[in-house]
Amino acid sequence: MTLYPLKLTPVYTENVWGGQALKEIFNKDVPFKHTGESWNVASHNRGASIIENGSLKGKSLSFVFNNFKEELLGSAWKHLQRFPLLIKLIDAKKQLSLQVHPQDNYAREHEGGELGKSEMWYVLRAKEGAKLALGLKKGVSKEQFKLGVERGDFDSLVNEIPVKKGDVVYVPAGLLHSIGEGIVLFEVQQNSDTVYRVFDWNRPGLDGRPRELHLKQALDVLDFKGRLKNQVIKGLELKRDGNSITYYVANRHFATEKITLVSPMKENTNGKMILYTIISGTASIHWNNSEIKMGNGETVLVPACTGEFQISGQGEILKNYIPDIESDFLQPLKSAGYSEEEIYRSTAVGDE
C-alpha cells in the first residue's frame, strides 16, 4: 500500500507539575487532573500515537514506522533504527524541575542506546511575569555548580529569561533549563524521554515520594563552556503564496518554521516527512482528491512519499522536518536577501 497523510491520536502523560490547560486551550480530552503533556506525534516505548484516518486507522505510528519506514521518512532516513522525532504540547501549571538532557553519544552509552535530546519550544501561553531557567551564568564551573546545588544557591548559578506568547527558544542537549510556572508550549524534540533532574524544588511526586535526582549524570553532560545559546530566537520571515513563513531553527535533528496561513499554499515533501501542528485557527491538507481537517492543537504527519499537496485555511501552523540545512533553510533565506550574519544572529542554525 501507499502511505497517506496521517491524523494522530495523542498520548497523554500525568505529571506532578501538570494541569488542565490543554483542555482549556485546545479542548483536548485530557485524562488526568495533572495532565502535563500531550505527545501529539510519538513512537516510543513509553507511548505511541494511534492513526485516526484511512486504511491504517487503529494502527500505531510504531507499526507504520516498522512496516513502511522508507515511505514514511524518505530514502535518506531509511537507515534509522527508531522514529526520529517527538512532538509535544506541554502544560506547566507549576515549574518543572531544573534539568538537562544528554547528547547522543552519552545517551547511547549510558541509556541503553537511547537518543540524545535536543528540543525547541514555541510559547503558546504565558502568565504575566513568566520565566524560563535557561543556561548557567557566565563562568560557573563544574565545581561551583555542584557546591551551589548542594547549598540550594540557584540564583548564583542559573540564568532566567522572561517569556511571552509567541517566543521561540532552542534547547540543545547539555543546556540547563526549566519551564516556569504558568507556561504552555509546543515542543519538538529528538525521540527521547531521558531527563537528568538537578533539583525539583523539594516537592514529592504524585506518589508522595521524593522524585529521583541525577546530579552525577547532569554534571557529565552540562555545558560548562558557555558555548550554547540561551536566548529567545527572533526568526526570519519570508512571503509565499500570500502567506508568511518564519524560519526559526535548523539542525541535524529537526527544523522548525511557522506558517501564518491566509490563502491556499502549495507544498511538496521533496522526499522527507513533514509534521504540521496547528496552534491557532483551522486548516486542511489536500492531496489526491482527499482532505484532512486540522483543528487547534492537532498534528498531521505527511509522509515523505506524498509529494505535492496543498494547505488551505486560516491560522498559524508549526512545520517540522529533518532538514538539509543548506537547501531547506539557508538558501531560501539568502535568496530572500538575508545576509549570512543576519541568519546566524536571528535563527538557531547548525549543529550544537
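Student: Why is N289 called exposed?

Tutor: N289 has a relative accessible area of 87%. Exposed means over 50%, buried under 20%, and partly exposed in between (1.4 Å probe, protein chains only), so N289 counts as exposed. By the way, this is a predicted model, where local features need pLDDT of at least 70, side-chain atom pairs count only at pLDDT 80 or more, and totals for chains, interfaces and linings use all residues. Residues are numbered from 1 along each chain as its sequence is written, and side-chain values use heavy atoms, with hydrogens and water left out.

Student: What makes N288 exposed?

Tutor: Its relative accessibility is 67%, and the cut-off is over 50%, so N288 counts as exposed.

Student: Where is N288?

Tutor: N288 sits in the loop between β20 (274-287) and β21 (290-294); strands are DSSP runs of E, at least two residues, and helices are runs of H or I, at least four, numbered from the N terminus. N288 has a positive phi of about 45° without being a glycine. Most residues other than glycine have a negative phi.

Student: Which residues of helix α5 are buried?

Tutor: In α5 (residues 142-151), they are F145, G148 and V149.

Student: How do you know which side of α5 they are on?

Tutor: They cover an arc of only 100° around the axis, so they lie on the same side of α5. That arc is taken from the directions from the helix axis to the C-beta atoms. The face turned away carries the exposed residues E143, E150 and R151.
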